[in-house]
Amino acid sequence: MGVEIKETRVSDAEFEEMKTFVFDYLAASVEKEEEGGRMRWYPWHSAEYRHNHILNVVDLAEEIAREEGADVDVTRVAALFHDVAKLETDQELHAEAGARVAREYLESRADYPESFIKQVCRAVEHHSYQGDLDDLALETQCLIEADLLDKIGANGTALMLLRMGYEARTHMDADEMVDRVLERGYDAASRVESDTAESIAHQRLKRVKWFKEWLEDEIAGLGD
Ligand SMILES: [Fe+2]
């Protein structure tokens, strides 16, 4: 009595079906591209990277939503769809386009209430917002925080080093590249609002700082 039990609107099976849809959509966007139309050689323009990034954001957003008392279903579905249009649309339009894809999918499946669809699509549409996170719905805030957090930390460092390989840079440049991840980490830490995201940001920043120190310790000529 007195405890509100929130009905789960999205079953695990439905969520798995959504994942398959999103990943097929990303793979199809890459196939449709004209040769050389994009910087395809960069890892983050591949369907595989985007797929992995989305899964990371789903995990992080779900954790933040749970801790912060946001609607977990709205947040995790929005996280899953947030970059669905990323590989077929310009950066400035991908959030809006993603919201359209999400609405079309959700309206055509199961009997999701309009209020749920609206909340999911609002979060997807606003996930590129550059202003104060306090201006946004809590679920949108959780999504943006998760999106920021995936680009910092050990994973952000791995991606930056992978990029160096694509640019044929030597490992003497690694220090500078890791610095960029660190800067991005400080930006993310200053932008997130929730305590949960803030503590994840600080843990990830610490890992990058360690990595930078170890690098400078091991490579002659760095860090003097
Ligand atoms: Fe993203």
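Author: Cys-142 counts as buried, because its relative accessibility is 2%; buried here means under 20% relative accessible area, exposed over 50% and partly exposed in between, for a 1.4 Å probe and protein chains only. The model is predicted, so local features require a pLDDT of at least 70 and side-chain atom pairs a pLDDT of 80 or more, while totals for chains, interfaces and linings use all residues. Residues are numbered from 1 along each chain as its sequence is written, and side-chain values use heavy atoms, without hydrogens and water.

The structure holds 0 disulfides, a disulfide being a pair of cysteine sulfur atoms within 2.5 Å. Cys-142 is accordingly in no such bond, and its nearest cysteine sulfur, that of Cys-121, lies 17 Å away. Cys-121 is likewise without a disulfide, and for this residue the nearest cysteine sulfur is that of Cys-142. Cys-121 is also buried, since its relative accessibility is 7%.

From here the description turns to the metal site. Four residues supply the protein donors of the iron ion: His-53 and His-82 through NE2, and Asp-83 and Asp-147 through OD. These donors lie 2.2 to 2.4 Å from the iron ion. A donor is an N, O or S atom within 2.8 Å of the metal (3.2 Å for Na, K and Ca), and sites may look incomplete because water is not among the atoms. Along the sequence, the donor residues of the iron ion follow the spacing H-x28-H-D-x63-D. Asp-83 belongs to the loop between helix 3 (72-81) and helix 4 (94-108), whereas Asp-147 belongs to helix 6 (residues 138-149), so this pair ties together parts that are 64 residues apart in sequence. Helices (H or I, at least four residues) and strands (E, at least two) are DSSP runs, numbered from the N terminus. Asp-83 counts as buried because its relative accessibility is 2%, and Asp-147 is buried with a relative accessible area of 9%.

A search of the whole structure finds 6 aromatic pairs. Rings of Phe, Tyr and Trp (its six-membered ring) pair if their centres lie within 6.5 Å; planes under 30 degrees apart are stacked, over 60 edge-to-face and the rest tilted. In one of these pairs, the ring centres of Phe-81 and Tyr-105 are 5.5 Å apart and the planes meet at 50°, so the pair is tilted. Phe-81 is in helix 3 and Tyr-105 in helix 4, and the pair thus links distant parts of the chain, 24 residues apart. Phe-81 is buried with a relative accessible area of 0%, and Tyr-105 is buried with 4%. Tyr-112 and Phe-116 make a further tilted aromatic pair, with 5.5 Å from centre to centre and 40° between the planes. Tyr-112 counts as buried at 9% relative accessibility, as does Phe-116 at 0%.

Ile-152 lies in the loop between helix 6 and helix 7. Its side is described by accessibility: Ile-152 is buried, with a relative accessible area of 1%. Between Ile-152 and His-126 there are 21 Å in space, C-alpha to C-alpha, and 26 residues in sequence.

Ala-168 is found in the loop between helix 7 (153-166) and helix 8 (174-191). With a relative accessible area of 67%, Ala-168 is exposed. Its phi is near 55°, a positive value in a residue other than glycine.

These parts belong to a chain with 9 helices and 0 strands, which reads α-α-α-α-α-α-α-α-α along the sequence. Taken along the principal axes, the C-alpha atoms of the chain fill a box of roughly 65 × 50 × 30 Å. Of the 224 residues in the chain, 46% are buried. Cys-142, the residue with which this account began, is among the buried ones at 2% relative accessibility.
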